[in-house]
Amino acid sequence: MFKTLYNKGMAVGDKLRNAEYELYKKKKRQRLKNTDFTIIASNCMGTFMYYDLKVPFLSPTINLNIEINDFVKMVENLEWYISQEITELEGESDRCPVGLLGDIKIYFVHYDTFSEGVSKWEERKRRINRNNMFIVGTETDTCTCETLARFERLPYPDKVIFTHREYPEFKSAFHIKGFEQKGGLCCLPTYKKQLLKRRYVDDFDYVTFLNRL
């Protein structure tokens, strides 16, 4: 009987946490003033922002991953890379389709086939709003200080790179707490072990970022 009551209590608690989290995201959407933006992201962080805010995907970098060093190289010459065709890299990964954009590897981590990933990339790159663009990167264990410095020099005023520790020398770096003893960041959409339902990425006020406040 005690176990049954305990399980019911846990279920009620989960419902309350989920309801509070949905309200939390609703308040984010109410604060958003800028709604036609393009997020060029190295991984799914941009995708989660679009999902949370329920705005159209005006970016080709949805549901995919680009290694951070490649990503910075791509954004340094973004218009040229965007104009290139993606060719398939067979045998590169047994987890997801992989394509080559110039010399940049793109991992279509949330697509079943290469053709599906490329089709979505081509469709969404035509929606890019070049007058309302944001760059979002994530430090991984392959990221170097030189990569961070190059990210800082990218010719885009609205940019952020999530990092596992503080880098006061880089204005665009945003420290996500909890990964200081690791070489880089883990999956930021992961929920924290705490009372309120929050992901690590929720530490960053991306609504204020996107509103340019």
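The following legends describe an overview and several close-up views of a predicted model.

**Conventions.** Because the model is predicted, local features need pLDDT of at least 70 and side-chain atom pairs count only at pLDDT 80 or more, whereas totals for chains, interfaces and linings use all residues. Residues are numbered from 1 along each chain as its sequence is written, and side-chain values use heavy atoms, with hydrogens and water left out.

**Figure 1. Overall fold of the chain.** Seven helices and seven strands make up the elements of the chain, in the order α-β-α-α-α-β-β-β-α-β-α-β-β-α from the N terminus. Helices (H or I, at least four residues) and strands (E, at least two) are DSSP runs, numbered from the N terminus. Along the principal axes, the C-alpha atoms fill a box of roughly 65 × 40 × 35 Å.

Figure 2. Of the 213 residues, 49% are buried (buried means under 20% relative accessible area, exposed over 50%, partly exposed in between, with a 1.4 Å probe and protein chains only). Among contacts (heavy atoms within 4.5 Å) with a separation of 6 or more, 55% join residues 24 or more positions apart.

**Figure 3. Cysteine surroundings.** A disulfide is a covalent bond between the sulfur atoms of two cysteines. The whole structure contains zero disulfides, the criterion being a pair of cysteine sulfur atoms within 2.5 Å. The closest cysteine sulfur to that of Cys96 belongs to Cys44, and at 10 Å this is too far for a bond. Cys96 is buried, at 12% relative accessible area. For Cys145, the closest cysteine sulfur is in Cys143, at 7.9 Å, also too far for a bond. Cys145 is partly exposed, with a relative accessible area of 44%.

Figure 4. Most residues other than glycine have a negative phi. Lys54, although not a glycine, has a positive phi of about 55°. Lys54 is placed in the loop between α2 (45-53) and α3 (68-76), and counts as exposed at 64% relative accessibility. Asn63 also lies in the loop between α2 and α3, and has a positive phi near 60°. Asn63 is buried, with a relative accessible area of 13%.
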